[in-house]
Amino acid sequence: MNKQDQNQPSWADEEHNTSANPDFQSVLGARMARRSLLRGALGGVSSAMLGGFALTACGSGGDDNSPAPAPAPVPKLQKLGFSAVPKSTADAVSVPAGYTATVLFALGDPLTAAATAYKNDGSDGDFDNRAGDHHDGMEYLGLSADGKPDPKSSDRALLVMNHEATSHAGSERASAFVHVNGGTNTLPRPAAETDREVPLHGLSVVEIRRGGGTFSYVKDSSFNRRITPLTPVVLSGAAAGHALMKTRYSSTGVAARGTLNNCGTGLTPWGTVLTGEENWSGYFFRSATDDAARGNDKSVTALKRYGRSQGAASRHGWETSGADDKYQRWDISKKGASADGSDDYRNEMNTFGYLVEVDGYSKTAAVKKRTSLGRFAHESAAFSALVVGKPLAVYMGDDSRGEYIYKWVSEAVWSAADANPADRIATGDKYLDKGRLYVAKFNADGSGEWIELSINNALIKAASAYAFADQADVVVNARLAADAVGATKMDRPEWCATHPTSGEVYFTLTNNSNRKVEPTGSQMVVDAANPRSYSDSYAGGAAGSPGNVNGHILRVAETGGDAAATSFKWDVYLFAAEAEADASKVNLSSLTADQDMSSPDGLWFSKATGICWIQTDDGAYTDKTNCMMLAGIPGKVGDGAKKTLSYTRKDGSVMTVDTYVGKAPTADTLKRFLVGPVDCELTGCCETPDGKALFVNIQHPGETISSATIGNPDKFLSHWPGNAGYGAGGAKARPRSATIVITKSDGGVIGS
């Protein structure tokens with residue numbers, strides 16, 4: 001996920017949708033303007049020291065070894081029982097009075113007995129056996145005392161955790177904090193640096209245990225492992241074996257290497273983890289003459305739609321590190337003479353951009369990319385409520401400006417026996433390889449429809465921008481298929497989550513600097529589901545160009561509560577905003593100072609309490625507060641009211657947009673629970689089944705760094721978690737992404 005949606009480097013999957021899909025408000029003659037969110041440097045930095053491993057607080061094994069079946073238990077909490085945490089710009093983690101947050105697992109921590117303690121000075125290597133960087137989405141897989149799957153266990157478990165990316169400045173290439181001198185930013189990149197940076201990405205599977213009331217990770221657990229961009233994976237589903245997937249590594253197109261830029265996750269009903277590949281396209285390079293080398297064929301159209309124009313710099317320059325195949329795979333220029341790409345890596349990028357299924361319990365089970373669910377900048381995956389004898393659905397968002405919301409409906413119907421399968425990955429084959437892929441269209445009256453992305457859809461068959469050959473082509477180029485059917489462009493759909501009792505599905509729409517009243521070029525007009533376009537100032541500076549600065553959270557209720565329905569109702573659960581913002585156009589959810597937020601990103605529901613945990617990844621409100629996590633107790637779609645926003649065009653005419661806003665939260669149903677250290681984002685959330693321990697990831701504290709200043713710790717924006725007493729470096733430590741565990745001092749349920 002990207003910290004802000006404007007001023008992104010060329011590798012970011014931020015805005016590649018130039019389709020002319022009409023926003024539904026434009027059908028009514030609406031046209032609007034928009035704004036650029038990002039505003040310059042962070043505000044003041046506090047480097048407050050925190051004693052021990054615990055972080056400051058603000059203010060005064062069961063015998064059933066099957067994965068937990070649906071439906072989830074009825075949420076117990078009707079009101080939140082803690083005092084709201086104030087906004088903060090301190091370099092610390094702040095939690096409510098009566099709670100403790102403890103660092104559990106950080107960048108570089110060893111995962112084997114042989115791996116050495118992390119020195120955190122840029123000299124460490126062997127990241128195949130250490131925690132990767134940028135901790136992101138994660139899931140909790142319970143273990144019994146004898147090491148078998150046990151979804152009821154609150155004392156022993158595996159965390160399956162994404163490592164999305166690494167920290168580097170703007171257009172620099174090197175991952176500065178993991179190199180002694182900040183790394184090399186000129187080309188070619190040294191092979192030794194590339195070999196260190198590649199395995200910083202991927203996933204960790206790490207065992208944790210509770211003893212004496214506290215959790216720690218098990219350094220030498222036989223379950224621990226890393227999955228990196230070099231780990232062998234299997235391509236599964238509609239695109240497996242297709243010509244679009246053939247490479248020099250796999251001339252048959254059924255295998256690939258690794259997973260990359262992993263963002264959100266989803267826990268399957270059969271006990272595996274889905275991890276979403278997000279901003280992967282920027283890691284690849286095409287020569288400046290590649291369009292011509294490809295004969296300007298339709299692959300050029302697809303590459304550009306997915307963010308790879310010829311000659312554009314890659315994020316890290318890994319393709320320049322040598323002739324070895326592990327470096328050359330990052331150069332996707334057409335170099336070979338074959339017709340199908342089996343003698344080069346022209347199709348390598350087609351093997352990324354999927355939901356990837358991992359069995360955290362098994363080191364021998366195949367890691368599978370589920371191609372039938374579509375290729376785009378995946379965030380998380382949310383499953384529908386399960387009904388025996390009915391198909392299941394998987395909900396997904398594509399995190400780029402103007403991209404779409406999708407769902408997958410399985411061909412197979414749910415069987416309760418599959419909650420405890422002998423072969424979990426084979427069960428994934430059953431539900432995730434055959435079915436129907438849909439994209440969402442949001443209507444101005446609060447209704448919506450799911451449009452099937454099928455080669456048999458007449459709009460796809462007749463598409464003029466791209467000639468689809470078959471269903472494999474449709475799923476590999478899902479964005480182009482969604483363009484063809486007129487899906488609704490959204491404000492960066494990120495995480496999604498399913499309410500544990502209502503079954504309604506929530507989507508974070510983080511922000512969109514290109515949402516306008518009177519758009520030009522590829523900018524988007526405001527519409528009912530994305531209705532705001534307003535200006536904001538940062539740190540007292542001039543107001544920026546209008547747009548959806550702070551983002552919102554939308555929710556969907558399927559018709560008849562049926563996961564396979566092709567229609568739905570929607571409204572907006574929350575409009576993120578500053579508390580003092582205009583209540584008629586911006587702060588539509590009437591947020592107070594204890595609730596206000598910007599750029600909602602991570603989203604997760606607790607099955608123990610029903611709390612909706614909301615995490616932010618912001619660059620718009622960080623002059624007032626670091627990124628945060630809030631707890632909410634939502635109602636249902638339709639519990640609020642229609643609101644009308646009025647905009648004045650340049651010619652003086654007035655445009656109105658109706659939107660549908662959920663019931664305003666109260667002090668008991670929404671409040672800030674956590675504020676992170678400087679320059680971080682909050683992302684990833686899971687809990688013990690008893691609801692008494694909450695695991696949260698702090699990603700990229702102090703990420704704004706240049707290689708030139710790596711030798712001066714006073715230039716670091718953050719020193720967390722070293723300044724909290726964790727690991728090497730102390731008060732002047734290089735910052736590290738890390739997982740924290742939060743517990744209540746009285747041993748109670750989190751949020752109560």
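This dialogue explains how to read several features of a predicted protein model.

Me: What kind of model is this, and how are residues numbered?
Reply: It is a predicted model, in which local features need pLDDT of at least 70, side-chain atom pairs count only at pLDDT 80 or more, and totals for chains, interfaces and linings use all residues. Residues are numbered from 1 along each chain as its sequence is written, and side-chain values use heavy atoms, with hydrogens and water left out.

Me: How many helices and strands does the protein have?
Reply: Helices (H or I, at least four residues) and strands (E, at least two) are DSSP runs, numbered from the N terminus. The protein has nine helices and 37 strands. Its C-alpha atoms fill a box of roughly 65 × 60 × 55 Å, taken along the principal axes.

Me: What share of the residues is buried?
Reply: A residue is buried under 20% relative accessible area, exposed over 50%, and partly exposed in between (1.4 Å probe, protein chains only). Of the 752 residues in the protein, 63% are buried. Glycine 541 is partly exposed, because its relative accessible area is 35%. Glycine 541 lies in the loop between strand 26 (524–525) and strand 27 (552–558).

Me: Which residues have the most contacts inside the largest nonpolar core?
Reply: In soluble globular proteins, nonpolar side chains tend to be buried together. A nonpolar core is a set of buried Ala, Val, Leu, Ile, Met, Phe, Trp, Tyr and Cys residues joined through side-chain atoms within 4.5 Å. The largest such core has 72 residues, and those with the most contacts inside it are Val394, Met396, Tyr406, Val439, Leu453 and Phe468. Apart from it lies another core, of 48 residues, among them Cys627, Leu694, Val741 and Ile742.

Me: What does tyrosine 406 touch?
Reply: Contact means heavy atoms within 4.5 Å. Not counting residues up to four places away in sequence, tyrosine 406 touches several residues, including Phe376, Trp450, Ala478 and Ala482. Glycine 541 and tyrosine 406 are 135 residues apart in sequence and 38 Å apart in space, C-alpha to C-alpha.

Me: Which residues of helix 4 are buried, and what covers them?
Reply: An α-helix has 3.6 residues a turn, so residues three or four places apart point the same way. In helix 4 (residues 298–305), the buried residues are Ser299, Val300, Ala302, Leu303 and Arg305. Their cover includes helix 3 (290–293), strand 18 (401–403) and helix 9 (478–484). Glycine 307, whose phi is positive, near 90°, follows helix 4.

Me: Where does histidine 134 lie, and is its phi positive or negative?
Reply: Histidine 134 has a positive phi of about 50° although it is not a glycine. Its place is in the loop between strand 4 (99–106) and strand 5 (135–142). Histidine 134 counts as buried because its relative accessible area is 3%. Aspartate 679, likewise not a glycine, has a positive phi of about 65°.

Me: Which residues line the largest cavity?
Reply: On a 1 Å grid over the protein atoms alone, a cavity is a set of points where a 1.4 Å probe fits but cannot get out; lining residues have an atom within 4 Å of a point. Grid points are joined across faces, edges and corners, and a volume is the space filled by probe spheres set on the points. The largest cavity has a volume of about 60 Å³. Its lining consists of Leu107, Asp133, His134, Ser167, Phe177, His700, Pro701, Pro735, Arg736 and Ser737.

Me: What joins the side chains of threonine 739 and asparagine 697?
Reply: A polar contact is a pair of N or O atoms within 3.5 Å; within protein, one must be able to donate a hydrogen and the other to accept it, and residues adjacent in sequence count only if both atoms are side-chain atoms. Such a contact, of 2.6 Å, joins these two side chains. Threonine 739 lies in strand 37 (residues 738–744) and is buried, with a relative accessible area of 0%.

Methods. 1 Å grid on protein atoms, 1.4 Å probe; cavity = no way out; pocket = protein on both sides within 12 Å on 5 of 7 lines; lining within 4 Å.
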